[in-house]
Every structure is written in structure tokens, then in C-alpha cells.
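Welcome! Please take a moment to look over the sequence and the model shown here before reading on.

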Amino acid sequence: MAGRLEGKVALISGAARGQGEVEGHLFAQEGASVVLGDILVEAGRKAAEKIQSQGGRAMFVSLDVTKEADWQAAVETTVRTYGKLDILVNNAGIFHTEGVEATSMELWNRVIAVNQTGVWLGMKYAVPAMRNAGGGSIINISSGAGIIGTGMAAAYHATKGAVRILTKTAAVEYAKDRIRINSVHPGVVDTEMVRSLLQSEGMQAILAEHPLGRVGTSEDIAYGVLYLASDESSFMTGAELVIDGGFTAH
Ligand code: NAD
């Protein structure tokens, strides 16, 4: 049976670990050729080798999503190696807990650079390649934090809200090029990003707001991202796919 992404080529940012790594594995299992981009070079190479050892097509590129030249190189390498680009997952992100007053200018600018500027740059350089391929699918990883407030993580919330609306306007802009652009909004997911914080008072309060009563897994999110990447979602663009155990439902 053909995979759900048979013949497609995907670039995933922040794919050395966590949700991005799991998405890389799932995409390769479903027949895609996958380019994993991250600043974690060693872990990223290992993740690509693991996919290859299981018979998948994958490679690693060093990608700092805040750097324009890195995005240009990552897209060029993808097209040179696998012939085209069909799918971009803007997944790289950083988290912090500071509220409005505790946030320094340095922290604010860093979070904006990675979580927000990084998503814009990814789209900017992926779109021309997708146009050449006759269309594509971009999935921008936002968060429940892009929909509701929690009283902490001010810059993080600001960036995830920005990704939500940037996704919608880009979806309208590029529909004519047959490029679909959707956002994904995970609840709390058990990855390195939040693992050390899971027992904290703030996180426990947020988790208590997840009616399904558990932390999400990277697989929970990856299956939603797979759907948006595949042609199964061909009538979906500018939409928000919420995968959050009910966190934002109340
Ligand atoms: P993670 O920390 O395990 O993975 C994030 C990845 O992004 C890491 O591999 C990291 O090296 C990479 N990264 C960081 N800065 C980068 C940069 N400048 N350039 C390239 N790569 C960079 O966390 P995760 O949970 O897998 O996060 C994936 C996405 O999901 C993020 O956008 C995050 O904001 C979002 N998200 C996470 C949660 C959660 O609870 N874990 C909830 C909602 C949304």
C-alpha cells in the first residue's frame, strides 16, 4: 500500500528531537523524503541516520531558523538532493516562563526571532520552491498559547499568536499558487521543552486545564501534522488544528 506522503519531499525545522524528530520518522514511514533542520547538529545527524537505518530517505541540514542564509541553503539543499519541496513544517521553537515584567529585552527579542521571525523566513524561502513544484503544504506549529492566555510566558504567547494570524494571511496570499498553509496548536506535550517544568506549580495548573487528563505525546501532534502535510487535507488552508486534550475548549 502506498504511503500517505509517497513521492513527497519535506523540510522540517527543529527536527533533531521532540515533535520535529517524530514527524520526520512518521513522514519517512509514509513515503516522504525528509530533510531535518536544526541547530543541534549531532542529534540531528543521528535522527537522520536512524530514519535511514529503517529504510527511509532522510538527511540533516544545519539550520538556525533566525538566519536568512541558513533557510536559503536548506531549501537549496532540499531541492538539489530530492528534486523539489512539497512540505515545510515550521516546528522549531523555544519556550520560557517569564511574564510581562520579568521578561528582559534580550529574552523578548530572542523568542520573537526563533518562534516568529523563523516561521516567516521559512515561508519566504519555501514558497518559491513550492511554486516550482506546482503547490505545497506549509504547517506552522503554534500552540494553545496562540489561542488563550495563561498568565505566564509573555513573549512565547505573543509569538504563537503571531504565528496563528501570519498563517491565515499567508494562506490567503498563496492559495492561488496551490500552497496550503495551516497552523497546529498543541497543548502541553511531553518533550525536552517542558519536561523539567512539568512538576512546577504553573505547569500543573495548566495541565489541570487539560480535560483529557494527560500530557500530550509527540505522536499525538505528529499525526495531525501528517494529515495537514498530505493530500487528505487538500480543502484545508488558513485553518487551526487544535490538538490539546481540550485545553482551549473551556
Ligand atoms: P523541543 O525543545 O524538544 O524541540 C524544539 C527543537 O527546536 C529542538 O530540536 C531545538 O534544537 C530546535 N530549535 C530551537 N531553536 C532553534 C533555532 N534557532 N533554529 C533551529 N532549530 C531550533 O520542543 P518540542 O515540544 O518538540 O517543540 C516543537 C514545537 O512545538 C515548538 O514550536 C513549540 O513551541 C511547540 N509546542 C510545544 C509544546 C510543548 O508542550 N512541548 C506545546 C505547544 C507547542
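## Overall build

This is a predicted model. The protein contains 8 helices and 7 strands. Its radius of gyration is 17 Å, close to the 18 Å that the globule rule gives for 250 residues, so the protein is as compact as a globular protein of that length. If you follow the C-alpha trace along its principal axes, the span is about 50 × 35 × 35 Å.

Contacts across the sequence are worth a look too. Taking contacts between residues at least 6 apart in sequence, 72% connect residues at least 24 apart.

## Inside and surface

Of the 250 residues in the protein, 52% are buried.

## A closer look at helix H7

Now let us turn to helix H7, which covers residues 201–208. Which of its residues are buried? They are Met203, Ile206 and Leu207. Seen down the axis of H7, these buried residues fall within an arc of 100°, so they line one face of the helix.

On the other side of H7, you will find Glu201 and Ala208, which are exposed. As for the buried residues of H7, their cover includes helix H6, residues 192–195.

Methods. Residues are numbered from 1 along each chain as its sequence is written. This is a predicted model: local features need pLDDT of at least 70, side-chain atom pairs count only at pLDDT 80 or more; totals for chains, interfaces and linings use all residues. Side-chain values use heavy atoms; hydrogens and water are left out. Helices (H or I, at least four residues) and strands (E, at least two) are DSSP runs, numbered from the N terminus. The radius of gyration is taken over C-alpha atoms; the globule rule is 2.2 Å times the number of residues to the power 0.38. Buried means under 20% relative accessible area, exposed over 50%, partly exposed in between (1.4 Å probe, protein chains only). Contact means heavy atoms within 4.5 Å. The arc is that of the directions from the helix axis to the C-beta atoms.
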